[in-house]
Amino acid sequence: MERKIEEDAASREEDRDHAPRGTLSRSEDGDDGVTPACHASREASQNLRVPSALLACQAEVVGPERETSSVDTCDRSISSLSSSFSSVCHPNFSSSSSSSPGSVLSLTPPLPPSVELSAVLTETRLTLDVYLGGAAALPSLWGSVPEQLRGLQYLRLGSEDEAGLGAALDVLPHLTGLRSLAIRGRCLCDPRGDPLPGLLTTLPDSVSALSQLQHLDLSFNRLTCVPPCLLRLPALSTLLLCHNRVSALPPDLGRLSSLTYLSLMGNQLLSVPPSVGRLKALQRLDVSRNALQQLPDEIGSLGQLVRLELSNNKLKRLPESMGSLLSLRELVVYGNDLRVIPNCLNKLPLLKMDVRDNPLGKPPTPPPLPRIDQTQTEIPQVHLGFNQHSFFVSSAGCHAFLPGGAELMFPPGCLPTLTKLRWAEKRPDTKWVWLEEHDILLSRPLELRPHGVAFLKPVEVCVPYHRTRRGEVVMRTFDGQSWSTLPTELRRGSEEHSCHPGGRPARLACSSVSHFSWFMAVCRPVRDTCSVTPAGALLVSSSDPGIKLHFPPDSTVQTRTITLQVLQVSGLELQALCGDPQASVSPLLCLSQTPTLHFLQPVKVQIPLPPGVTGHTADLSRLHLLHGDPTAQTWTDITSHASLYVTHLYAIFYITHFSWYWLWYTTQRCVSGVVRKVYQRLKQFKVQFLVLQRKTDPAQVLLQCLPANKMEGRVQSLSEQYDGPQPSDLCDLLEGEQFFAGFERGLDIVTDRPDCVEGRLCFVFYSSLKNVKEVYVCPARGQKGAVRGQVSFYRGDIPSNLPEEVARKRKGPDTQWLATLPLRLPALNSETGFTMEELQYPPLNLGDPESGYLTEANLLSISLQIGQDWRVIGINLGMSYEELDRIQYKYRDNLGALVLDMLFHWARGQRNAGPGSVTRLVAAMVESGRRDLAEEIEDIVSLGRRKYTESLKRVGLEAESSSLGEAQQ
């Protein structure tokens, strides 16, 4: 096994030799534009616990090459600037010079009590950006010790105090010996911890008197243009104007002939002037995070350019003149609109390019459709009720709002003629839901019909989803043969269409489609993709910038699409699962590619070391690189076969094919077996089962399975209406795993529905959905008196070959058992009287041959799930307010009896109401917001029809009944 600690000192010295002084380095861990001072203080504070202000001071004394632009500002603690600060940062500063100015000078504004003058002022350096209002101290110092200030070479000012900054700018022309000047914003934070913005808007012309100035940093301010005085600084070699508001560069920018580093990152530039080609000494140019649409051809005249950063712009092409940049070593163009990389760049032998997040190889984007004047053409809106499963769309378009929060946007002209469309929400059964590894279902499947309709313009489909705190939300669609992922945009629904009255609009996952199908919202780990060409590429994880894939040139002949997913793993959970308190793991890498061919050159993979592990202190014999096979669900320790290099913070290895990779640090010996078991456990959810009985009717039982972190709130919300045992112990279930509940020890279910088979109730677990069902329970045949039964939960599907003697005791095999909860059913005619009311109702069959039948047992089962919605359902069934008030008064203390009386009162009235009673009941449930009951009724009727047809076949009456029906027609 080839292992070594990679020594980077020589390479870093080489990089410094090639890079200009004062350059802005991009760190290995993926932080863009962070100054070395910040890196020093962060790394030291992590390892040595040294005060951040002291580290900032230590970093500052390096020189102007350390004073560079930064995206993240180093935190400075004022309280830590003390006498000890001075003695450490300035050991050569004499005690007399350090104490005398602090005791004699009277500054206005004064320095904070914890700041000694010797801590901010040395013979050649003055640092006034370490406390608020520090710039105002410069005029006071100039009036007190002008001779000492004339020798200054390095000056740092904060720009958060506008009044003090103006006075300080008047002093600057007198400091003719300055070599480095920084006037930056975001050096300090307000009491809430937010960085204070810089207020500098321009520089006075007198600044041009600083003829020796080489390094100038004006980042994080409010500059709208390059101050003209800067063009008259002959020695200026480093100019940092990051994160300002500069929208245009001066046409005579080429006058800065000594400039070696120019950073304009994070501005509002639309173009670069041709005069940039006259900057012959320029070695590094950073114009990332602007709005550039093209580059001038003169950029090819920068013969000394080593690094060019153009990321996050709007570039559509690169000029062919860039092929003349023979010194160019690194080109960063990710996040643009490039579809082709010029061949001239592929001929530069030492050039490394980062071209991720560009549509390379894809056809040009069609021009945008003309905007519709909403004042002249308004798209009609359609608000559908629960009982409206169809609607019409004309050529004028339509904005349809579906119950539950879903929205459909049909643009004008998407359909040539008036077309009838249908929608339906499906139960999240396994036949409707397809999940990839690590996916989580966030919505019920939405079916839009007819499937064969093709739209002339894309139609926007928006599906509501449950909130998630991990991964990204995408839309999945089914084309009749396979599921695929659609480009997804997340937004809130319309304000006037909240899924709950008075609540916030629904969260929507929206995609543009050209035809109707099935749609659902899914959460998956963040996916990063890029196209790898023969020129090579660099892919950096957006969820962890420390994870990088380096594709060298000639690693592929044809363009490949690379996909990277990163799964973070909790260290505490890992240690508990594997039993090793010292175990730690890096993020799990899931790599895939299209096409699936081996690479011609090894691909360099960089991943962070496991938390708490550093390359200089770790026992490398405990470090293991695991290779996972997602198909076979196996893990193999490949440490001895891979070239694993370790730096201080990262592990680097090389691969030629893609799969899953996981870096472990553990004392375990049989690592592969441990990893396989841990991975399976990490995919599972810790869940609890709940079995409750309604207080007013103990025969009505609620069963639910939820993740353990949601169970406490659920129990509290149900405590007023339900009672029962505490939730079960913790169990493990996978997303989308089937399980069933069996009623045992004298209990049975009074229902006739597809998900119930011989006293067993089927479930499918989805962590973001409710997973709840309510049933009506009764004593099993032959049982008398009170029943002390139980409900047991078993993993998997309902068994079909369980022996009869076992089934009498248990509804599932012991190997699949998950949990058991007690359930007591009171005796008949007891004090609760839970079955007395049902004896008052004569047997009946609700329905007709056309719409189907519902038996009395079916109505009883349905009534148990109505609950507080009984009055709304009664109104939608056509019952009068007087009838409902009478029923409410009669059974005011017994909700179960109240619902039963309402439902059976309506059912008896349907005997003379003609055909279609079941259809009316379904429509009333949908209109009342109880689509779950509507679907259950439809399933019961469908099941009854099938049983009736099968019975006709068995007795040979099917043909006779069919001919009789034809004769009657």
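User: Does F410 count as buried or exposed, and at what relative accessibility?
Analyst: In this predicted model, local features need pLDDT of at least 70, side-chain atom pairs count only at pLDDT 80 or more, and totals for chains, interfaces and linings use all residues. Residues are numbered from 1 along each chain as its sequence is written, and side-chain values use heavy atoms, with hydrogens and water left out. Buried means under 20% relative accessible area, exposed over 50%, and partly exposed in between (1.4 Å probe, protein chains only). F410 therefore counts as buried, at 0% relative accessibility.

User: How many aromatic pairs does a search of the whole structure find?
Analyst: Rings of Phe, Tyr and Trp (its six-membered ring) pair if their centres lie within 6.5 Å; planes under 30 degrees apart count as stacked, over 60 as edge-to-face and the rest as tilted. Searching the whole structure gives a total of 22 aromatic pairs.

User: What kind of aromatic pair do F410 and F455 form?
Analyst: The centres of F410 and F455 are 6.1 Å apart, with 65° between the planes. The pair is edge-to-face.

User: What kind of aromatic pair do F739 and F763 form?
Analyst: F739 is buried, with a relative accessible area of 1%, and F763 is buried at 5%. Their rings lie 5.0 Å centre to centre with 5° between the planes, and the pair is stacked.

User: Over the ring of which residue does the charged end of R356 sit?
Analyst: A charge sits over a ring if NZ of Lys or CZ of Arg is within 6 Å of the ring centre and within 35 degrees of the ring normal. The charged end of R356 is 4.1 Å from the centre of the ring of Y334.
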